[in-house]
Amino acid sequence: MSHDRYVYFIPYSLENSIFHARFLRYDRHGNFKSSESWTGFDASSIDGLLTKGYKLGVCHERYAYFAPFHNNKEFSGIVLRFDLAGTK
């Protein structure tokens, strides 16, 4: 998913079907191979909630919304919202 100069990679699962919540963001104005072009955030326990295994994402105005799938225990209904205005 992309917005402005950034590409966001939505966390889903590892090869062994362990769901995770490690979001990655790439700055398209930077060098792809440079670590300075990349940032990450682990959202696996926001406000004490089990927030893992997201499948889809969409940007609308200043927010990105991430649609849940599974959190390693059960199918999840916890939608994450990310404020894109604070990403510059």
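In this predicted model, E61 is found in the loop between strand 5 (54–60) and strand 6. The backbone of E61 has a positive phi of about 55°, although E61 is not a glycine. The side of the story told by solvent is clear enough: E61 is exposed, because its relative accessible area of 66% lies over the 50% cut-off.

The place of D4 is in the loop between strand 1 and strand 2. With a relative accessible area of 49%, D4 counts as partly exposed.

Strand 1 and strand 2 (residues 6–9) pair in the antiparallel sense, over two bridges, and H3 stands opposite Y6 in strand 2. The open sheet has four strands in the order 1-2-3-4, with antiparallel pairing. Strand 1 (2–3) and strand 4 (38–42) each have a single partner strand and stand at the edges, so one side of each is left without a neighbour in the sheet.

Y6 also takes part in the largest nonpolar core, which has ten residues: Y6, Y8, A21, F23, A43, Y54, A64, F66, L80 and L84. Strand 2 and strand 6 (63–68) each supply at least two residues of this core.

Methods: Residues numbered from 1 in each chain as written. Predicted model: local features only at pLDDT ≥ 70, side-chain atom pairs only at ≥ 80, totals over all residues. Heavy atoms only, no water. Pairing = 2+ DSSP bridges. Core = buried A, V, L, I, M, F, W, Y, C linked by side-chain atoms within 4.5 Å. Buried < 20%, exposed > 50% of the residue type's maximum accessible area, 1.4 Å probe, protein only.
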